[in-house]
Amino acid sequence: MTVALEMKQITKEFPGVKALDRVTFQVEKGEIHALCGENGAGKSTLMKVLSGVYPYGSYEGSIEIEGMEQTFRSIKDAEKAGVAIIYQELALVKEMSVTENLFLGKEHAKFGVIDALRQHQETAYWLEQVGLSNIHPETVTGTLGIGQQQLVEIAKALSKDAKILILDEPTAALTEKEVEILLDILRKFRERGVSCIYISHKLNEVFSISDSVTILRDGKTIATKSIDEVSEDQVISLMVGRELKDRFPREESTPGDVVLELANYSVTDRKNPNKKIIRDVSFQLRKGEIVGIAGLMGSGRTELAMSLFGALEGRVTGSIKIEGKPVTIKQPEHAIAHGIALVTEDRKRTGLVLERSIQDNITLPSLKQVSSWSGIDSSKEVSQAMSYFQKLGVKATSLETVVGTLSGGNQQKVVLGKWLMTKPKVLILDEPTRGVDVGAKYEIYQIMNELVREGVSILMISSELPEVLGMSHRIVVMAEGTITAEWKAEDATQERIMTAATGGNQT
């Protein structure tokens with residue numbers, strides 16, 4: 001096969017840190033090549049070198065595309081050579097039309113006048129290439145779903161004549177159906193000779209879509225393998241530098257008394273009082289137990305969590321009991337007072353104040369604990385925050401580190417610390433390991449085990465069925481706002497869960 005890209009002996013240093021240490025990376029023409037590694041392994045830095053974010057001269061080593069050495073001094077230089085990168089955080093201007101986004105900064109113009117017809121026609125062509133022929137080129141981008149916006153980003157990259165397409169966590173915010181559409185489109189691009197670099201923590205996707213995989217660890221190339229030569233467990237072992245004997249280290253537990261009980265619990269839609277988004281949900285959660293909630297996107301899982309936390313508007317009927325006592329929860333303060341905490345599915349938007357320090361984030365919901373009549377007791381605040389900082393193993397130089405600079409796994413640990421400081425009886429985890437590498441996932445699972453030993457009850461919502469099966473003591477399945485099945489973990493399978501999640505008959 002023809003070599004589309006070769007990066008040789010790439011070394012990149014920042015003050016006091018060697019982010020890349022003689023990394024060598026090669027991609028064949030028409031190949032989907034996965035790039036795996038824990039957060040901080042060097043994946044993003046390597047791709048920033050390739051895409052011109054870090055210009056020639058700021059790193060050592062060489063880059064060749066189709067045999068020709070490249071000296072990119074800007075992102076535009078990389079784009080001219082056929083390199084396009086799509087980040088996890090989409091870079092579209094949502095107030096602009098799809099056409100305007102595709103040609104932003106490279107408009108077709110003659111004598112200062114934009115050729116609107118030509119741009120419209122070319123946009124229609126590229127939308128068709130990514131399976132969006134039903135989208136009008138002049139549609140305002142912000143009105144599209146996240147999955148459609150992701151495909152618009154790919155269309156934008158291809159319109160720049162991309163030979164090498166870099167996708168960084170492209171499915172983090174997509175539904176399962178949107179993921180399949182995206183992977184099918186990438187397979188078609190492969191047939192046309194486009195080379196893709198696929199970065200993802202989701203190893204099931206890596207093994208589904210990739211031809212080869214390169215593993216980075218601590219800024220070094222550990223191995224490059226054909227995807228047929230390795231297993232998921234072997235890739236994980238290479239990523240973390242040790243064998244994880246059990247990816248899901250659930251500990252057996254003898255559940256205690258009922259802590260949370262719902263009976264015929266229903267919630268109406270705020271905008272349509274005649275529609276129930278949660279319908280007649282009844283279940284129990286016991287002390288020292290992990291109950292996993294599975295279901296497709298839109299099944300009502302997150303809405304149930306938000307409602308239990310008092311963060312979802314709508315009329316509530318039915319009952320909630322905490323330790324046998326009926327409670328009313330109309331806002332988060334009520335939930336916290338009754339011992340309920342919620343780690344939301346989107347830590348950046350609703351879980352953290354990214355511009356503030358680790359200390360500020362951990363103590364935010366518990367300021368009463370560290371305050372007196374004269375105000376916040378600084379020494380007490382530092383002491384309390386430090387205890388959770390150390391207990392959860394947050395990797396940062398100090399409590400004053402700004403949360404937005406941390407890796408996904410460490411941000412998630414800060415969110416956990418924030419809610420553990422409230423001393424919850426019930427901890428609701430909504431997608432607790434989303435966007436987190438395998439090493440950090442394992443650490444989060446161990447934290448869950450420790451909480452269960454301490455008697456905390458955990459309600460875990462996850463779209464990853466192996467995680468639900470691997471970490472839950474009991475499993476509840478939701479579809480269309482109601483519970484369709486419930487099993488002990490040992491009685492559940494992926495097939496049974498999916499059948500229940502899609503409204504099929506249970507056997």
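On a 1 Å grid over the protein atoms alone, a pocket is an open set of points with protein on both sides within 12 Å along at least five of seven lines, while a cavity is a set of points where a 1.4 Å probe fits but cannot get out; lining residues have an atom within 4 Å of a point. Grid points are joined across faces, edges and corners, and a volume is the space filled by probe spheres set on the points. What you're looking at is a predicted model, where local features need pLDDT of at least 70, side-chain atom pairs count only at pLDDT 80 or more, and totals for chains, interfaces and linings use all residues. Residues are numbered from 1 along each chain as its sequence is written, and side-chain values use heavy atoms, with hydrogens and water left out.

**Pocket and cavity**

- The second largest pocket holds about 830 Å³ of space.
- Its lining takes in 38 residues, and Lys202, Asn204, Ser463, Glu464 and Leu465 are the ones nearest its centre.
- Elements giving two or more residues to that lining are α6 (176–191), α7 (203–209), α8 (232–240), α15, α16 (465–471) and α17 (494–501); helices are DSSP runs (H or I, at least four residues), numbered from the N terminus.
- Sorted by class, the pocket lining has 16 nonpolar, 10 polar and 12 charged residues. Here Ala, Val, Leu, Ile, Met, Phe, Trp, Tyr, Cys and Pro count as nonpolar, Asp, Glu, Lys and Arg as charged, and the others, Gly among them, as polar.
- There's one cavity of 30 Å³ or more in the structure, and the largest cavity has a volume of about 60 Å³.
- Residues lining the largest cavity include Lys202, Thr433, Arg434 and Glu464.
- That cavity lining splits into two nonpolar, three polar and five charged residues.

**Helices α5 and α6**

- The axes (lines fitted to C-alpha atoms over the stretch in contact, with angles from 0 to 180 degrees between N-to-C directions) of α5 (residues 146–159) and α6 come within 10 Å and cross at roughly 15°.
- So α5 and α6 run roughly parallel to each other, a label for angles under 35 degrees.
- In contact (heavy atoms within 4.5 Å) are Gly147, Leu151, Ile154 and Leu158 of α5 with Glu178, Ile181, Leu182, Ile185 and Phe189 of α6.
- By class, this contact has seven nonpolar, one polar and one charged residues.

**Helices α14 and α15**

- The axes of α14 (residues 408–420) and α15 (residues 438–453) come within 10 Å, crossing at roughly 15°.
- α14 and α15 are therefore roughly parallel to each other.
- Among the residues making the contact are Leu416 of α14 and Ile447 of α15.

Note on methods. Angles under 35 degrees count as roughly parallel, over 145 as roughly antiparallel, 65 to 115 as roughly perpendicular and the rest as oblique.
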